[in-house]
Amino acid sequence: MRLKAAYFPLLCFYFPFAFLLSTNGELEQEETIGYGYTITSTAVDPSGKSLNAFLQLIKNSSIYGPDIENLNLLASFETKDRLRIRITDANHQRWEIPQDIIPRQSHHPHRSLSENHQFLLENCFLSNPMSDLIFTLYNTTPFGFSVSRNSTGDVLFDTSPLSDSGTFLVFKDQYIQLSSALPVNRSSIYGLGEHTKSTFRLAHNQTLTLWNADIASANLDLNLYGSHPFYLDVRSSDGETPPGITHGVLLLNSNGMDVFYAGERITYKAIGGVIDIYIFAGPSPVNVMEQYTELVGRPAPMPYWSFGFHQCRYGYTDVYEVEAVVANYSKAGIPLEAIWTDIDYMDGYKDFTLDPLNFPLQEMTTFVHTLHRDGQKYVLILDPGISVNNSYQTFIRGLEADIFIKRDGVPYLGDVWPGPVYFPDFLHPNGSKYWANEIRIFHNLLPFDGLWIDMNELSNFNTSPPTPFSTLDNSPYKINNSGTREPINKKTVPATAVHYMGVTEYNAHNLYGFGESKATNGALIEVIGKRPFVLSRSTFAGSGKYTAHWTGDNAATWDDLAYSIPTILNFGLFGIPMVGADICGFSGNTTEELCRRWIQLGAFYPFARDHTAKYTIHQELYIWESVALSAKKVLGLRYRLLPYYYTLMYQAHTKGTPVARPLFFTFPQDIETHNINSQFLVGKGVMVSPILESNATSVNAYFPRGNWFNLFNYSRSVSVNSSSYVMLDAPLGDINVHVYEGNILAMQGEAITTKAARRTPFELLVVLSNGGENSSGEVFLDDGEEVEMGGEGGMWSLVRFQGRFIRRKAIIIESEVVNGEYALTQNWVICKVTILGVKNVSLKGYDLYSRMGMFKKLGVRKSLVKGEGEFVIVEISGLSLLLGEEFKLELKLN
């Protein structure tokens with residue numbers, strides 16, 4: 001029976017019920033971690049938007065420490081699409097993520113007895129007439145709660161207790177357990193990172209550990225650099241509801257945790273903090289991303305240049321070698337936007353210094369000025385550890401500002417690349433000021449364009465011994481750190497270290513990379529005065545508001561090539577859309593074939609960078625002729641698609657949608673897309689189907705129903721009446737990239753730099769839908785570096801395009817312009833319109849309308865080019881349509 005509760009903000013019923021206890025009141029289980037809680041009373045806010053329940057411990061258990069006696073549960077509708085359930089100690093304040101890290105609503109328990117206060121009520125339903133979510137509180141023994149959909153009755157999150165105590169709520173100081181049932185045959189879970197996985201959809205029966213660690217991403221299934229306690233749940237049909245309905249779940253908790261995913265159940269085991277669960281209603285994957293990033297922060301806008309191709313290597317010996325790399329790219333005719341240097345440029349691996357012999361200031365300054373003259377950029381690396389050196393001014397200023405993390409009252413001494421180091425405390429209000437000042441001083445010497453922040457998990461080459469008798473350094477419950485329950489202090493700052501205002505590393509560990517990203521982002525805005533580019537290895541929920549990410553230290557293997565797709569898709573879900581893997585692999589020696597296939601894939605990552613480790617063979621794209629040929633081809637297409645990528649960045653910044661997306665974002669009702677690991681979409685309509693195995697020259701690619709056109713050769717198309725796998729040729733130099741019907745892409749010309757590409761005219765690629773639906777697309781335009789992207793009063797334009805058949809006798813293509821003045825000042829023009837999806841017809845002529853009225857353009861070459869299949873290509877060239885001016889193009893067909 002489907003429950004309808006939209007018109008009843010709070011309904012409560014009483015049914016005495018205690019099915020879990022034996023006749024003597026004891027749980028019949030040895031070594032029970034916890035016995036759960038009962039509800040002593042409930043209260044509802046007068047507005048009807050929130051419900052309080054006061055919980056009392058049933059029985060204490062000493063395993064993992066004593067239980068907290070009294071808890072407060074608050075369920076509240078924060079928006080119509082976001083329900084929050086917060087459970088914490090009713091009598092004592094506990095650690096929670098600071099508001100300045102992730103701002104969120106404040107709620108206070110309804111403590112006073114009132115007419116809304118009720119005792120021992122069985123089922124309480126909290127609903128909102130504007131929301132599809134219903135919260136149900138069960139006064140069983142132990143108690144439980146669930147969240148379901150009003151429209152379908154589908155249960156999204158269900159903590160109803162079973163006879164197994166592993167399903168009970170357990171709340172101790174250093175052990176918190178919360179478990180939810182899942183429909184094992186209908187639920188597909190994605191997220192809960194950061195881990196390297198062979199599949200995008202999470203497999204059943206695994207433990208996902210969240211504790212930031214310097215563990216190379218070449219390792220499968222281990223906790224890596226970031227922590228993201230968020231998952232997306234895409235449901236298949238239950239016979240009544242359609243497939244593809246999606247919701248999201250976030251446990252906003254920064255403490256270390258294990259998440260056990262068994263398929264039929266998901267169980268959180270956190271070693272501190274509070275339970276702060278957010279349910280995002282969806283119902284589409286895109287909706288969930290909008291709702292999730294509305295809470296944790298919309299992704300930071302990236303500068304236009306960051307979508308170009310980047311080159312780096314750990315082990316460049318001197319500035320002259322770096323200069324030669326740039327020159328060789330130019331000589332080979334391969335696009336190169338930015339050159340990066342790893343820690344090699346530093347003097348003794350100290351931040352904000354230059355090696356006076358191999359990277360002297362004068363030569364480096366000349367080199368960077370030459371890059372800027374040629375439209376290229378320079379990015380350098382920073383590590384958080386500050387060398388303990390009394391002749392090092394950065395260290396002296398840090399000591400004077402007293403902004404280092406402490407242990408036992410003195411700065412904690414770690415060991416990283418420069419040797420003994422202290423670590424800046426980014427929770428300290430002066431920590432960010434100190435960091436910004438050091439960046440300013442160094443930028444005044446060397447005008448770099450972006451910053452790459454590494455080792456910020458925090459990474460430490462030493463493991464400090466635990467403080468005697470400390471349950472922080474030696475917590476009662478051992479999370480599965482490094483896959484072998486290693487101590488949480490291993491190769492990092494010890495948990496007993498202290499941040500500003502007494503915050504322990506135990507609680508704040510997973511937030512360090514977030515804090516450094518936020519400080520670095522703010523510093524670059526202040527110092528450079530342009531849109532910042534920050535690339536961070538360590539991340540947390542909401543880091544995308546400040547930084548891009550790369551997948552860390554992968555390896556030059558075919559497996560790692562394949563693993564890069566699930567990882568990149570996951571970070572899109574985490575609200576960090578600017579993400580990529582080290583192209584050709586970081587550790588180990590790559591091969592010509594692997595590097596060729598990797599650049600074919602990597603050219604379509606949101607962030608595209610070739611990077612390798614010290615002592616490996618060189619793998620710059622010009623090293624092998626076959627790789628260079630592939631690179632020019634695929635990067636040529638990427639640079640033509642730069643307006644599309646940049647527009648996707650605008651959509652990510654304003655709505656939270658990823659740049660690289662799983663196929664089910666566009667085709668959620670096609671349940672086969674829920675299992676795709678080896679293909680992805682760029683935006684909603686460009687599909688990348690790479691080769692991921694050695695010696696392969698064909699790929700079995702999945703095509704959702706409809707017409708798809710090859711972006712390298714428009715005459716090659718794939719049409720499927722029902723979704724199916726299609727075997728595609730993929731010779732050594734080729735990758736399959738298709739655009740789906742119903743999409744309109746604004747493209748520009750190929751170039752070596754994004755600056756040069758932005759000066760080329762536009763082409764519209766209109767892919768008509770044969771189902772009668774309108775085709776659509778848009779392009780966002782600004783200078784690519786203004787701090788705000790699309791802000792009120794800013795210099796930007798947004799042009800939306802529509803295309804459609806009119807009774808198969810005509811094709812209409814038209815534009816709608818928002819803030820067209822900026823585009824007009826840049827004199828951007830559309831020189832060509834190419835139309836795909838048209839079957840064998842001839843073109844009688846066309847009319848072109850501008851917002852000034854109707855006109856016909858004379859002397860325009862019209863051509864009808866037959867394709868290899870059932871479609872023809874209609875191309876109108878020689879145009880000079882101002883992009884900032886609305887137009888309507890009507891093509892008349894025979």
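**Salt bridges in the model**

Colleague: What does R485 count as, at 37% relative accessibility?
Modeller: R485 counts as partly exposed; buried means under 20% relative accessible area, exposed over 50%, and partly exposed in between, with a 1.4 Å probe and protein chains only.

Colleague: What are these values based on?
Modeller: This is a predicted model, in which local features need pLDDT of at least 70 and side-chain atom pairs count only at pLDDT 80 or more, while totals for chains, interfaces and linings use all residues. Residues are numbered from 1 along each chain as its sequence is written, and side-chain values use heavy atoms, leaving out hydrogens and water.

Colleague: Which residue does R485 meet in a salt bridge?
Modeller: Its side chain meets that of D258, at 3.5 Å from N to O; a salt bridge is a side-chain nitrogen of Lys or Arg within 4 Å of a carboxyl oxygen of Asp or Glu. D258 lies in strand β16 (residues 257–261) and R485 in the loop between β27 (450–453) and α6 (505–508), so the pair ties together parts 227 residues apart in sequence. Helices (H or I, at least four residues) and strands (E, at least two) are DSSP runs, numbered from the N terminus.

Colleague: And D258, buried or exposed?
Modeller: D258 is buried, with a relative accessible area of 0%.

Colleague: Changing topic, how many salt bridges does the structure hold?
Modeller: It holds 35. One of them joins D154 and R235, with the closest N and O atoms 3.2 Å apart. D154 is buried at 12%, and R235 is buried at 2%.

Colleague: Which residues are linked in a network?
Modeller: Salt bridges link D214, D454, E457, R537 and D553 in a network.
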